[in-house]
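Subject: Structure handover

Hello,

Here is the structure I promised to pass on. Please open it before you read the notes.

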Amino acid sequence: MSPKEIYMDNNATTPIHPEVKKVMIETMDVFGNPSSLHASGRQARQLVEEAREEVASFIGASPEEIMFAGSGSEANNTVLSAVTCQRKQCAYHQEGVNEIITSTIEHPCVLEASKCLQERGVNVLYLGVDEYGKVSLEQLRDLLTERTGLVSVMMANNEIGTVQDIKGIAEIVHERGAVFHTDAVQAVGKIPVNVRELDVDFLTLSGHKMYGPKGIGALYVKKDAPFCPLIRGGHQERGRRAGTENTLGIIGLGKAIEMRSQEMKSDEKHLLELKAALKKGIEENIPDVLFVGHPTDCLPNTLNVSFEGAEGEAIILYLDLEGIAVSTGSACASGSLDPSHVILAIGLPAECAHGSIRISLGRENTMEEIAYMIDVFPRVIGKIRDMSTVYKRRLQ
Amino acid sequence: MTQASWAYTDTVKEHFMNPRNILMDEDGYKEDGKGVTGNVKCGDEMIVVIKVDKEKGIIADCKWKTFGCASAIASTSVLSEMVKGMKLDDAYNLSAKDINRELGGLPDHKVHCSVLGDKALRMAINDYYVRNGMEGKIKKEEERVVCKCMNVTDQEIEHAVLEGARTFYELQEMTKVGTGCGECEQEVTQLLEAYKTKHFCEV
């Protein structure tokens, strides 16, 4: 088998679903402004609202609780930035509430937004995680006070796939009267998510992580939840997000979600089979590997593995030369030398954080590709370990 | 659609795919000098060993290994070929710039990964001098003048980084480095990145 490219980086982004592509091409000529009253505007409005219904029903929400945004990052920033609102008339403003709680393994868009809040005088507290990447509900209970306005904990981690007990977290947060947001960008479309069952106040999702287009995300805003817009100057999205709707993106997201509702279940079975085969293949053919993440509470598509003595960027690039696309949690490849904050947070040594590889499978991956991967992987790791200053085992 | 090209040159890619002179038998290799630099916790570590033709004062053999990224691998591979047969003094004076030129250039943000090899080489050469009672020949790293116009050494640059300089501009403010002809800018930027990594790599 000489594959052109084996794409196993689906937590970074996914290829667009053929059905989504088809619908987007078909509706490319729908140019009307959904806010316009004339026929062309009404046509666009109808398609946007159909997509909103699709998104809402997939996560158990009402359509009016769905706000479209330019990305998952924007949706997350919207929720977090609202906490700083000091206007007395803002629904978010509450005397004496000036604290948020988040976790150490959040996506950078939440961590950086939190850091910025801290600089603006908001007290930010961080939940640590255990060796599997799970936050502690006990610690959450300890940290919550009457000053806590918002708690934001991601549903599934992008690097290691660990899925949190969102329902349990929401319950504790609500006991203390605070508001709960979950960044579910990696979860929605991969595992069942129902906002009513989870009882969250805000939930973020993104189109391009589920075979939809890029540049479109959505935020679930529970009815009557306090809200303060990030982008002002228009009545769109019920005044929650100004700016003319990204009609085509919204239509694409709606279709992607429709396809997810049809295919998620069978995809999950397929992905779990592939992942099990890949894990077995790695275990049987490469010594001294460490699988990172929760053994069961984990996304079906995500496998994070650390190879002792092998540096991450080198692994990525050797695999790239063999036609395999995976990624590393460490950001060295993107210009900094910082090791993965997620791997460090779960307590693994920095050398693991520099050498952990994230393999995130998608619906298009096949068992043949896994077999090819298992054939290539031991050679690549062996080659890197041969020149490693750290790996000594071969001397035995 | 065309295939997007690699961020690295063909030479980098070739050396990355087929690295030369890897030290496979660390215990059995009877080196005359050895240099170890970097830190695994910071994401890269380098060992360079040399054998010296003592009569001619040239490097007879050079081997290396690393826990490092593609640019560390490729640049040290190239370096190990360049220095064979080279006089110790000449080898000592090789800079990351010389290696990068041989590689056809590295992306800016990867240059800092490539300075490990030549640093370990200089340590190996110094180690050879120590082992052979030639301490007088040892050159202190910090004595190297980087900016000839303003007479700024790498030690001063390192100090400025420790004092908070994070950009070339801040270095200029603090040390006047590169404010003359400006020819040293690239090398200073490399040193800046290397010192930032050395001292501020968060672990």
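The notes below go through domains, sheets and core.

This is a predicted model, in which local features need pLDDT of at least 70 and side-chain atom pairs count only at pLDDT 80 or more, while totals for chains, interfaces and linings use all residues. Residues are numbered from 1 along each chain as its sequence is written, and chains are lettered from A and ligands numbered from 1 in the order in which they are written.

**Domains**

Domain bounds here come from an automatic or database domain assignment. Chain A has domain 1 (6-14 + 264-395) and domain 2 (18-259). Their centres, taken over C-alpha atoms, are 29 Å apart. The contact between them uses 22 residues of domain 1 of chain A and 25 residues of domain 2 of chain A. Contact means that the C-beta atoms of two residues, placed from the backbone, lie within 7 Å. On the domain 1 side, β10 (302-307) and α10 (341-345) of chain A each supply at least two residues. The largest share of that side, 3 residues, is from α10(A). Helices (H or I, at least four residues) and strands (E, at least two) are DSSP runs, numbered from the N terminus.

Chain B splits into domain 1 (1-139) and domain 2 (141-203). Here the C-alpha centres lie 22 Å apart.

**The sheet in chain A**

Strands of a sheet pair through backbone hydrogen bonds, either parallel or antiparallel. Two strands count as paired if DSSP finds at least two bridges between them. In chain A, 7 strands form an open sheet, ordered β2-β8-β7-β6-β5-β3-β4, with mixed pairing. β2 (66-69) and β4 of chain A are the edge strands, and each pairs on one side only. From one strand to the next, the twist averages 20 degrees. Axes for such angles are lines fitted to C-alpha atoms, for helices over the stretch in contact, and the angles run from 0 to 180 degrees between N-to-C directions.

Start at the β4 end. β3 (residues 99-103) and β4 (residues 123-127) of chain A are parallel and share 5 bridges. E99(A) sits opposite N123(A) in β4(A), and I100(A) is opposite V124(A) in β4(A). With helix α4 (residues 108-119) of chain A, β3(A) and β4(A) make a right-handed β-α-β unit. Right-handed means that, with the strands pointing away from the viewer, the path from the first strand over the helix to the second runs clockwise.

Now look at β8(A). It is antiparallel to β2(A), over 4 bridges, and M67(A) faces L219(A) in that pair. β7(A) and β8(A) are also antiparallel, over 5 bridges. There, S206(A) has G217(A) as its bridge partner.

Why is β8(A) largely enclosed by the rest of the structure? Because 5 of the 5 residues of β8(A) are buried. Buried means that 20 or more other C-beta atoms lie within 10 Å of a residue's own (exposed: 12 or fewer; partly exposed: in between), with C-beta atoms placed from the backbone. G217(A), L219(A) and V221(A) point one way from β8(A), while A218(A) and Y220(A) point the other way.

Helix α6 (residues 166-175) of chain A lies across β5 and β6 of chain A. Its run makes about 155 degrees with β6(A).

**The sheet in chain B**

In chain B, 3 strands form an open, antiparallel sheet in the order β1-β2-β3. β1 (33-39) and β3 (58-67) of chain B are at the edges with a single partner strand each, so one side of each has no neighbour in the sheet. Neighbouring strands are turned by 15 degrees against each other on average, direction ignored. β1(B) and β2 (residues 44-53) of chain B are joined by 7 bridges. Helix α2 (residues 70-82) of chain B lies across β2 and β3 of chain B, at about 170 degrees to β3(B).

**The core**

A nonpolar core is a set of buried Ala, Val, Leu, Ile, Met, Phe, Trp, Tyr and Cys residues joined through C-beta atoms within 7 Å. The largest has 163 residues, and A218(A), I315(A), V48(B) and I157(B) touch the most other members. Helix α8 (residues 247-285) of chain A gives the largest share, 11 residues.

V48(B) is worth a look. In the chain B sheet, V48(B) of β2(B) is the bridge partner of G35(B). Leaving out residues up to four places away in sequence, V48(B) touches G35(B), C62(B), W64(B), G117(B), A120(B), L121(B) and A124(B).

Best wishes
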